[in-house]
Protein chains: 2
Amino acid sequence: MTGEFAAIEALRSLLQPPPDTDQIWIGDDAAAVPARSGWLLLAADTVVAGVHADLQLTGLDDLGWKAMTASLSDIAAMGGDVGHALVTVAGPPGTDLARLYEGLSAAARRYQCPIVGGDLTNAGDLVVTVAVTGHCAGPPVRRGGARPGDLVWVSGTLGASAAGLRLLRERQARPPAEISDRAGWSRAETAHARPVPRLEAGRAARAAGATAMIDVSDGLSADVGHIAAESHVGVRLESLPVDPAATMEEALTGGEDFALVFCAADADRVETAFSGLEPPVLIGRCTADQSERLLDGRAFTPSGWEHSW
Amino acid sequence: MTGEFAAIEALRSLLQPPPDTDQIWIGDDAAAVPARSGWLLLAADTVVAGVHADLQLTGLDDLGWKAMTASLSDIAAMGGDVGHALVTVAGPPGTDLARLYEGLSAAARRYQCPIVGGDLTNAGDLVVTVAVTGHCAGPPVRRGGARPGDLVWVSGTLGASAAGLRLLRERQARPPAEISDRAGWSRAETAHARPVPRLEAGRAARAAGATAMIDVSDGLSADVGHIAAESHVGVRLESLPVDPAATMEEALTGGEDFALVFCAADADRVETAFSGLEPPVLIGRCTADQSERLLDGRAFTPSGWEHSW
């Protein structure tokens with residue numbers, strides 16, 4: 001860790017201390033944590049103010065939450081347990097780091113992925129990168145293992161984040177007091193500001209023998225397309241679990257819901273593995289025709305419905 | 001990994017492929033590599049164009065090299081082996097990613113720390129973050145373990161990077177052909193553009209029973225001060241190994257040499273552990289007076305010599 005030493009020291013109070021004195025967290029050249037056997041998972045996501053988060057609509061704490069949960073969602077999509085996080089912040093002098101770290105550490109605590117190091121530096125834009133480790137005792141679930149005949153499931157509803165973004169934008173026309181009144185936010189608005197990584201669902205899908213899995217970050221149509229392309233299968237989908245606040249278009253192309261899409265051959269194993277959790281929704285089947293991308297009988301592309309001329 | 005999928009695919013050709021098909025590198029939600037027992041080290045550094053690297057003086061490939069080696073140097077300073085890297089790039093559209101990744105992957109290959117994932121996104125500034133893993137079979141070397149009486153050593157010379165920056169700036173007054181003629185660069189200029197992480201020296205220091213270690217990233221006076229403060233000791237230094245191109249001031253306060261400063265009690269063990277490597281230079285001793293910071297009998301502060309009024 002290099003950078004603004006004093007600022008990092010000030011942030012320590014916002015962060016969890018290590019559970020024992022053998023571990024090295026904030027304040028040395030590198031963090032050191034006990035290694036675990038099996039597979040080490042590594043993921044990093046970057047959130048840029050004005051690109052991935054509109055600070056007119058949501059707060060710096062929400063941006064921090066989003067940066068952390070985007071990386072955690074990548075671990076969820078492999079079926080892994082989370083480990084530790086490194087947070088690097090490049091931003092303009094005067095950035096309210098305390099508020100940013102409030103969101104980062106709220107997510108770190110909620111999902112038990114402590115922030116153990118990182119870097120702070122100056123830049124014109126606010127750029128927050130979270131790198132996380134994760135762990136699987138056995139092989140993690142890739143995108144490319146689905147086979148024709150596998151069933152396709154979604155854990156979570158689709159479109160809430162996109163609907164929430166639309167509602168937050170509409171709210172901008174209201175008086176300022178209502179804009180910042182978070183207690184008055186709808187469920188969809190909260191889903192946009194504070195997305196939820198589906199870590200338990202990811203582990204359950206892996207336990208159920210999932211052959212492929214991805215988190216919905218770019219939109220269902222794009223992300224299902226990634227599974228199909230990497231697995232060399234087609235997909236026929238129907239009856240998506242559209243969030244009540246969302247349109248069908250938002251459910252199909254809205255990203256950042258962090259819902260998980262996974263493929264698995266055995267519906268009974270899926271039911272067993274998800275007992276005690278919100279059950280996933282069966283939305284279709286993989287087919288042998290690699291070019292097939294159908295939703296309710298209609299072709300879709302990564303950017304949504306395929307439009308005829 | 002999210003972001004600009006097509007661009008990431010294009011970069012794959014610049015990156016090493018995984019050594020076996022069980023490992024997951026670029027192109028899935030997270031990377032997956034075999035876990036090793038012992039201690040997992042985690043470090044991340046961010047390099048911002050215009051802040052940490054002047055693209056008038058050095059190239060985008062050099063910026064990539066620097067971002068990678070800054071994180072590797074953190075692993076060196078714990079006495080660890082390097083593992084794997086995640087690279088996240090936020091930058092303006094049109095950034096020459098191929099040249100940036102040329103430097104990133106040259107360093108990744110040279111120091112055997114393959115790039116296994118990351119993220120690409122748009123931002124106004126070019127911000128490159130490299131997060132790396134490392135490994136120690138036993139406890140890594142912290143900053144805070146030095147004891148009064150321990151000897152202080154430096155592996156590498158001091159000031160070359162600062163001298164190189166000065167020389168590169170002077171070169172700007174020359175004709176353009178000479179500015180870009182890297183074959184004509186002095187050793188110090190190359191040391192600035194392509195700093196070397198001291199991984200072998202770091203492992204040797206750990207093997208020699210080093211009680212504290214840090215890499216010189218902020219400048220010797222600041223970084224020795226970190227060891228002294230964290231270890232609750234004073235330091236008396238003399239006869240620094242000043243790079244032939246550098247001034248004493250550059251040796252004392254110039255950062256980014258990635259030389260390692262370490263403390264160890266037993267000179268014979270240090271000699272044995274470094275056999276076959278460039279021998280480290282003994283530069284002083286830790287003292288019981290926590291407030292003592294002396295170089296050649298003169299007081300220094302984190303920012304260099306202490307000036308009397």
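Predicted model: local features only at pLDDT ≥ 70, side-chain atom pairs only at ≥ 80, totals over all residues.
Five strands form it, in the order β4(A)-β3(A)-β5(A)-β2(A)-β1(B), and it is open, with mixed pairing. On average, and with direction ignored, neighbouring strands here are turned by 20 degrees against each other.

Now look at the two ends of that order in turn. On the chain A side, β3(A), residues 81-91, runs parallel to β4(A), and seven bridges join the two. To find your place in this pair, look for A85(A), which stands opposite I115(A) of β4(A). On the chain B side, β2(A) and β1(B) pair in the antiparallel sense over four bridges. A handy landmark there is L41(A), with A32(B) of β1(B) opposite.

From this pairing across chains, we can turn to the contact as a whole. In total, 55 residues of chain B are in contact with 54 residues of chain A. On chain B, the elements that each supply at least two residues to the side touching chain A are β1, β2, α2, β3, β4, β5 and β7. Of these, β2(B) gives the most, with nine residues. Sorted by class, this side of chain B has 27 nonpolar, 16 polar and 12 charged residues.

Back in chain A, helix α2, residues 60-76, lies across β2, β3 and β5 of chain A, and runs at about 150 degrees to β2(A). Another helix to visit is α3(A), residues 97-110: its 14 residues reach 19 Å from the first C-alpha to the last, close to the 20 Å expected. Its buried residues are L97(A), L100(A), Y101(A), G103(A), L104(A), S105(A), A107(A) and A108(A). Just after this helix, Q112(A) takes a positive phi of about 55 degrees.

Our last stop is helix α7 of chain B, residues 199-207. Seven of its nine residues are buried, so α7(B) is largely enclosed by the rest of the structure. Just after α7(B) comes G209(B), with a positive phi of about 80 degrees.

Methods. Residues numbered from 1 in each chain as written. Chains lettered and ligands numbered in written order. Pairing = 2+ DSSP bridges. Axes fitted to C-alpha atoms, helices over the stretch in contact; angles between N-to-C directions. Contact = placed C-beta atoms within 7 Å. Expected span 1.5 Å × (residues − 1). Buried ≥ 20, exposed ≤ 12 C-beta atoms within 10 Å, placed from the backbone. Nonpolar A, V, L, I, M, F, W, Y, C, P; charged D, E, K, R; others polar.
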